[in-house]
Amino acid sequence: MAYGISERPGGGVMSAELAVKVLVAGGFGVGKTTMVEAISEITPLRTEEQLTELSNSVDDLRGIEGKRTTTVALDFGRITINPRVILYLFGTPGQDRFWFLWPELSRGALGAVVLVDTRRLADSFAAVDYFESRRIPFVVAVNCFDGADRYSPTEISAALGVPTHVPVLLCDARERESCKEVLVCLFEYITTGSPAVRPRLR
Ligand SMILES: Nc1nc2c(ncn2[C@@H]2O[C@H](COP(=O)(O)OP(=O)(O)OP(=O)(O)O)[C@@H](O)[C@H]2O)c(=O)[nH]1
Ligand SMILES: [Mg+2]
């Protein structure tokens, strides 16, 4: 069985027997690049550009004042699950003006992580809508920024308007183990319809 980007027209696969594509999506500055970097076994491909004074009126930097760059195309990372299974991670750009890239980025994706920042929950609505409308399974991962108010997964689920079966987890996008938990949850959700890691508060 082969999924996603490993498929070739002739039915063969490029290297691993199973190459799985997963997206890390969400609003501007929620920590997508940070998550791909934290969990990738290779130095990820990043397409960062400097935020300029001109973008200050467009990009909301409240809570992430230290942010200097933004993704303008994609982040790309890889995790070898075992010699036969390779996971490819694609981080999406967060700014609305790069929406035109999403159909290409999401092609062949098995699932997605929608990262959210509770201080700017609405910024991740579009990603939720996108995956729901294309029937791409996703989990919601709340990136717990220092100083951000904490809410229960149930509250976040209700605020985002996602069905109750969609797992909502709290995470720290800077920590590999935490990101791993999110991905395990996504795969359990995809394969069984229920999360291995129950939504919980840290
Ligand atoms: N305190 C804290 N800071 C974080 C965390 N995750 C990311 N950051 C910081 O928040 C900022 C945004 O992180 P990025 O990973 O660039 O966010 P992004 O979602 O890729 O941003 P765009 O590509 O511009 O949409 C950076 O300055 C990170 O260092 C976190 O879990 N906690
Ligand atoms: Mg980014």
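## The largest pocket

The lining of the largest pocket divides into six nonpolar, 11 polar and nine charged residues. Here Ala, Val, Leu, Ile, Met, Phe, Trp, Tyr, Cys and Pro count as nonpolar, Asp, Glu, Lys and Arg as charged, and the others, Gly among them, as polar. A pocket is an open set of points on a 1 Å grid over the protein atoms alone, where a 1.4 Å probe fits, with protein on both sides within 12 Å along at least five of seven lines; lining residues have an atom within 4 Å of a point.

This is a predicted model: local features need pLDDT of at least 70, side-chain atom pairs count only at pLDDT 80 or more, and totals for chains, interfaces and linings use all residues. Residues are numbered from 1 along each chain as its sequence is written, chains are lettered from A and ligands numbered from 1 in the order written, and side-chain values use heavy atoms, leaving out hydrogens and water.

## The ligand inside

Ligand 1 takes up the space of the largest pocket (more than half of its atoms lie within 2 Å of the grid points). Look for Thr34 and Thr70: each has a polar side-chain atom 2.5 Å from an oxygen atom of ligand 1. A polar backbone atom of Val30 is 3.1 Å from a ligand 1 oxygen atom.

## Who surrounds it

How many residues surround ligand 1? There are 19, and the closest are Lys32, Thr33, Thr34, Thr70 and Asn143 (a heavy atom within 4 Å counts as near). This shell holds five nonpolar, nine polar and five charged residues.

Terms used. Polar contact = N/O pair within 3.5 Å; in protein donor to acceptor, adjacent residues only side chain to side chain.
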